[in-house]
Amino acid sequence: MNRVIKASVLPLIIAASTLTAIKPSSANVLKDLGIGVGGNVISGKIFDNGSAVGNAASGAAIGAVVNATHKKSAKKIPSLLQDSAVGAATNIVTGAVIGNGHAGKNAISGAADGALINILK
């Protein structure tokens, strides 16, 4: 029972807390969240890494953190390398916190998600 609660409720709490910390006026944040969720669920399925719910929660965190690292006043988009590194680090930490997947696979899929967010800016 504890395992079911950990696997289903904890990712939802993390995703909800991520969403409530975001200013609702920024459509850009919601776009990054959507890209992060979709990308991480797909890459998790491709790599057979973690659960879909856990990957969705991690993807939301990736989208939020990558977006938060962008300077809102700057007109230029941060580098692909920066967003990939932020995505990888975020997915490693989030995966470890919620017990979702392998750290190496989380790093790869997080880097891919960060790059995807950067490319779709």
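Colleague: Which residues of α4 are buried?

Modeller: D83, S84, V86, G87, A88, T90, N91, T94, G95 and I98 are the buried ones in α4. Keep in mind that this is a predicted model.

Colleague: What span should α4 have, and what does it have?

Modeller: With 19 residues at 1.5 Å a residue, α4 should span 27 Å. Its end C-alpha atoms are 27 Å apart, which agrees.

Colleague: What happens just after α4?

Modeller: G99 comes there, with a positive phi of about 65 degrees.

Colleague: Let me zoom out. How many helices and strands are there?

Modeller: Five helices and zero strands. Along the sequence the pattern reads α-α-α-α-α.

Colleague: How much of the protein counts as buried?

Modeller: 40% of the 121 residues. The protein exposes about 6700 Å², and carbon and sulfur atoms supply 71% of that area.

Colleague: And what share of the contacts joins residues at least 24 apart?

Modeller: 70%, taken among contacts between residues at least 6 apart in sequence.

Colleague: Which of its residues are buried?

Modeller: In α2 those are V29, D32, L33, I35, G36, G39, N40, S43 and G44. Seen down the axis of α2, the buried residues fall within an arc of 165 degrees, so they line one face of the helix.

Colleague: Why would residues three or four places apart point the same way?

Modeller: An α-helix has 3.6 residues a turn, so residues at that spacing point the same way.

Colleague: What sits on the face turned away from the buried side of α2?

Modeller: The exposed residues A27, L30, I42 and K45.

Colleague: What about the loop between α2 and α3?

Modeller: D48 lies in that loop. D48 has a positive phi of about 50 degrees, although it is not a glycine. D48 is exposed, with a relative accessible area of 67%.

Colleague: New topic. How many salt bridges does the structure hold?

Modeller: One. D32 pairs with K121, and the closest N and O atoms are 2.7 Å apart. D32 lies in helix α2 and K121 in the segment after α5, so the pair ties together parts that are 89 residues apart in sequence.

Colleague: What else is in contact with D32 and K121?

Modeller: N67 is in contact with both. Its contacts also include N28, V29 and K72, leaving aside neighbours within four places in sequence. N67 is in helix α3, residues 52-68. N67 is buried, with a relative accessible area of 4%.

Colleague: How many residues of α3 are buried?

Modeller: Twelve of its 17, so α3 is mostly covered. Among them are G54, N55, A57, S58 and G59. The list also includes A60, A61, I62, G63, A64, V66 and N67.

Colleague: And how far does α3 reach?

Modeller: 24 Å from its first C-alpha to its last, close to the 24 Å expected at 1.5 Å a residue.

Colleague: Last one. Where does T69 lie?

Modeller: T69 lies in the loop between α3 and α4, and α4 is residues 80-98. T69 is partly exposed, with a relative accessible area of 32%.

Colleague: What does T69 touch?

Modeller: Q82, D83 and V86, not counting residues up to four places away in sequence. T69 and D83 are 14 residues apart along the chain, and their C-alpha atoms are separated by 8.3 Å. D83 and V86 are both among the buried residues of α4.

How values were computed: Residues are numbered from 1 along each chain as its sequence is written. This is a predicted model: local features need pLDDT of at least 70, side-chain atom pairs count only at pLDDT 80 or more; totals for chains, interfaces and linings use all residues. Side-chain values use heavy atoms; hydrogens and water are left out. Buried means under 20% relative accessible area, exposed over 50%, partly exposed in between (1.4 Å probe, protein chains only). Helices (H or I, at least four residues) and strands (E, at least two) are DSSP runs, numbered from the N terminus. The arc is that of the directions from the helix axis to the C-beta atoms. Contact means heavy atoms within 4.5 Å. A salt bridge is a side-chain nitrogen of Lys or Arg within 4 Å of a carboxyl oxygen of Asp or Glu. Accessible areas come from the Shrake-Rupley method with a 1.4 Å probe; for residues, only the protein chains shown count as cover. The expected span of a helix is 1.5 Å times one less than its number of residues.
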